[in-house]
Amino acid sequence: MLIRPARREDEAAIWSTIGPTIRAGETYTLDPQMSEMDALAYWFGPDKETFVAEEDGQILGTYYIRPNQSGGGAHVANCGYMTAATATGRGVARQMCAHSLEHAKARGYRAMQFNFVVSTNERAVRLWQSLGFEIVGRLPGAFRHPTHDYVDAMVMFRAL
């Protein structure tokens, strides 16, 4: 699997990956009704570097990396990852996270923080923990899940 910087010509494939996740409203705090144009503008925002995971010319996932905060917090990276539904369970998210950790180090970040990991996203929580992230905070009832009502969100952190 190749992980490379995303290009504008990847937008249709990226939308086919992020669109269903956004529409489901189960793991991201993005508006499930946001337009394709707004979703892509967010994913390719000027504060982000965006990557794709590609195999045999097919995009299997995408992630972005950015500073978690500005100024005194700019040494901590933040990422968002989404895997294509057809690639679930194939280790795509693990490989993207491993790539992001190395990329963050190369960019001079000293840590990585995930600000809002929805507690019902148990696969992601286990994956991030297996990659050295710790739960450093819990936000009770902070996420309104479409089927589980109000659930906790977690802050996860890892030093680089």
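Predicted model: local features only at pLDDT ≥ 70, side-chain atom pairs only at ≥ 80, totals over all residues.

Residues are numbered from 1 along each chain as its sequence is written, and side-chain values use heavy atoms, with hydrogens and water left out.

Helices (H or I, at least four residues) and strands (E, at least two) are DSSP runs, numbered from the N terminus. Helix 3 covers residues 92-106. The expected span of a helix is 1.5 Å times one less than its number of residues. For the 15 residues of helix 3 that gives 21 Å, and the end C-alpha atoms are 21 Å apart, so the two values agree.

Buried means under 20% relative accessible area, exposed over 50%, and partly exposed in between (1.4 Å probe, protein chains only). Among the buried residues of helix 3 are Val92, Met96, Cys97, Ser100 and Leu101. An α-helix has 3.6 residues a turn, so residues three or four places apart point the same way. Just after helix 3, Gly108 has a positive phi of about 95 degrees.

Two strands pair if DSSP finds at least two bridges between them. Strand 6 (residues 134-145) and strand 7 (residues 149-159) are antiparallel and share eight bridges. Phe143 has Val151, in strand 7, as its bridge partner. A hairpin of three residues connects strand 6 to strand 7.

A disulfide is a pair of cysteine sulfur atoms within 2.5 Å, and the count here is zero. The closest cysteine sulfur to that of Cys79 belongs to Cys97 and is 7.0 Å away, so it is too far for a bond. Cys79 counts as buried because its relative accessibility is 8%, and Cys97 counts as buried at 0%.
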